[in-house]
Amino acid sequence: MKRGILKILTCIVFIVIVCICIITMAGYDKYKKAINEESLDKKISEIKEQSNYSKFDDVSEIYKNAVIAVEDHRFYKHCGIDVWAIMRAMARNIKYMQLLEGGSTITQQLAKNTYFSQNKDITRKVAEGFMALNYERHLSKNEILELYINTSYFGDGYYNVKEASLGYFDKLPNQLNDFEATMLAGVPNAPSVYAPTVNYKLASERQVQVLDKMVKYKYITEEKRAEILKQTEYYREYFQKK
């Protein structure tokens, strides 16, 4: 009986390893095809040549901190792939038996924004991982964050932080106040849902998540969080008039 169980377990482990190898190879092939079609240097140059491109220092500190807190709080510590975040996401997905988290880092999201479609596909996730490692080899963390905020979609036809900042608040990114910056930081997660002109209630709920993360990772205090949220009703009226 024990031998039979051992054989079954061995077969299962073997099948899992084979599947992982096949998926990894397919993802690597997808990555190589993408990078061969357009090199990383060329892709970066094209992004930076956009008229609405914002440099790292053109964006407020609280906005950058908000993005890191809510999207990838270990951004400055990992190599482009956060193993702990992936394991945590897998555990949560298994617990609730649905795809709730992906564990993607900011670098992986940049890879998706610049090279791959938004369709959920396991080989695409692997390809993103290889591309993320490529980005990390060639760029500093600040350069990666700069590219990320310039390639994220913010809803309402705004395809980078400058367009969104001007479109939603009639301000440049470095002119945003704390409320505006933290609201904007939450939008790219689901722009069709969190765009404040689409559903201000959901945008506000997402902003609370952003601020909670900022408190948790010590970017702001509880008092600062409360101060920022005092402006919620003012901006509700602001977006009703837009």
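Between which two helices is the loop that holds Asp 156 found? Asp 156 sits in the loop between helix H7 (141-149) and helix H8 (161-169). This is a predicted model, in which local features need pLDDT of at least 70 and side-chain atom pairs count only at pLDDT 80 or more, while totals for chains, interfaces and linings use all residues. Residues are numbered from 1 along each chain as its sequence is written, and side-chain values use heavy atoms, with hydrogens and water left out.

**Overall make-up**

- The protein has 13 helices and 0 strands; helices (H or I, at least four residues) and strands (E, at least two) are DSSP runs, numbered from the N terminus.
- Along the sequence the pattern reads α-α-α-α-α-α-α-α-α-α-α-α-α.
- Of the 242 residues in the protein, 44% are buried; buried means under 20% relative accessible area, exposed over 50%, and partly exposed in between (1.4 Å probe, protein chains only).
- Among contacts in the protein with a separation of 6 or more, 65% join residues 24 or more positions apart; contact means heavy atoms within 4.5 Å.

**Nonpolar core**

- The largest nonpolar core has 55 residues; such a core is a set of buried Ala, Val, Leu, Ile, Met, Phe, Trp, Tyr and Cys residues joined through side-chain atoms within 4.5 Å.
- The residues with the most contacts inside this core are Tyr 63, Met 131, Tyr 135, Leu 145, Phe 154, Tyr 168 and Leu 184.
- Helix H3 (residues 61-71) gives the most to this core, contributing 7 residues.
- Leu 145 is in contact with Phe 56, Lys 64, Val 67, Ile 68, Phe 75, Tyr 76 and Ile 106, with neighbours within four places in sequence left aside.

- Helix H9 is largely enclosed by the rest of the structure, because 8 of its 9 residues are buried.
- The buried residues of H9 are Phe 179, Glu 180, Ala 181, Thr 182, Met 183, Leu 184, Ala 185 and Gly 186.
- The cover over these buried residues of H9 includes H3, H8, helix H10 (191-194), H11, H12 and helix H13 (232-241).
- H9 and H11 pack at an angle of about 100°, with their axes 8 Å apart; axes are lines fitted to C-alpha atoms, for helices over the stretch in contact, and angles run from 0 to 180 degrees between N-to-C directions.
- H9 is therefore roughly perpendicular to H11; angles under 35 degrees count as roughly parallel, over 145 as roughly antiparallel, 65 to 115 as roughly perpendicular and the rest as oblique.
- On the H9 side, Phe 179, Thr 182, Met 183, Ala 185 and Gly 186 meet Tyr 200, Ala 203, Ser 204, Arg 206, Gln 207, Val 210, Leu 211 and Met 214 of H11.
- Phe 179 lies in helix H9 (residues 178-186) and is buried at 0% relative accessibility.
- Phe 179 and Arg 225 are 46 residues apart along the chain, and their C-alpha atoms are separated by 9.4 Å.

**Helices H11 and H12**

- Helix H11 (residues 200-216) and helix H12 (residues 222-229) pack at an angle of about 160°, with their axes 9 Å apart, and are therefore roughly antiparallel to each other.
- Gln 207, Val 208, Leu 211, Asp 212 and Val 215 of H11 make the contact with Glu 222, Arg 225, Ile 228 and Leu 229 of H12.
- Val 215, in helix H11, is buried with a relative accessible area of 17%.
- Not counting residues up to four places away in sequence, Val 215 touches Ile 220, Thr 221, Glu 222 and Arg 225.
- Val 215 and Ala 66 are 149 residues apart in sequence and 10.0 Å apart in space, C-alpha to C-alpha.

**Positive phi in loops**

- Most residues other than glycine have a negative phi.
- Asp 156 has a positive phi, near 55°, and is partly exposed at 42% relative accessibility.
- Lys 218, in the loop between H11 and H12, has a positive phi near 65° and is exposed at 72% relative accessibility.

**Cysteines**

- A search of the whole structure finds 0 disulfides; a disulfide is a pair of cysteine sulfur atoms within 2.5 Å.
- The sulfur of Cys 19 is 9.3 Å from the closest cysteine sulfur, in Cys 21, which is too far for a bond.
- Cys 19 is partly exposed, with a relative accessible area of 38%, and Cys 79 is partly exposed at 47%.
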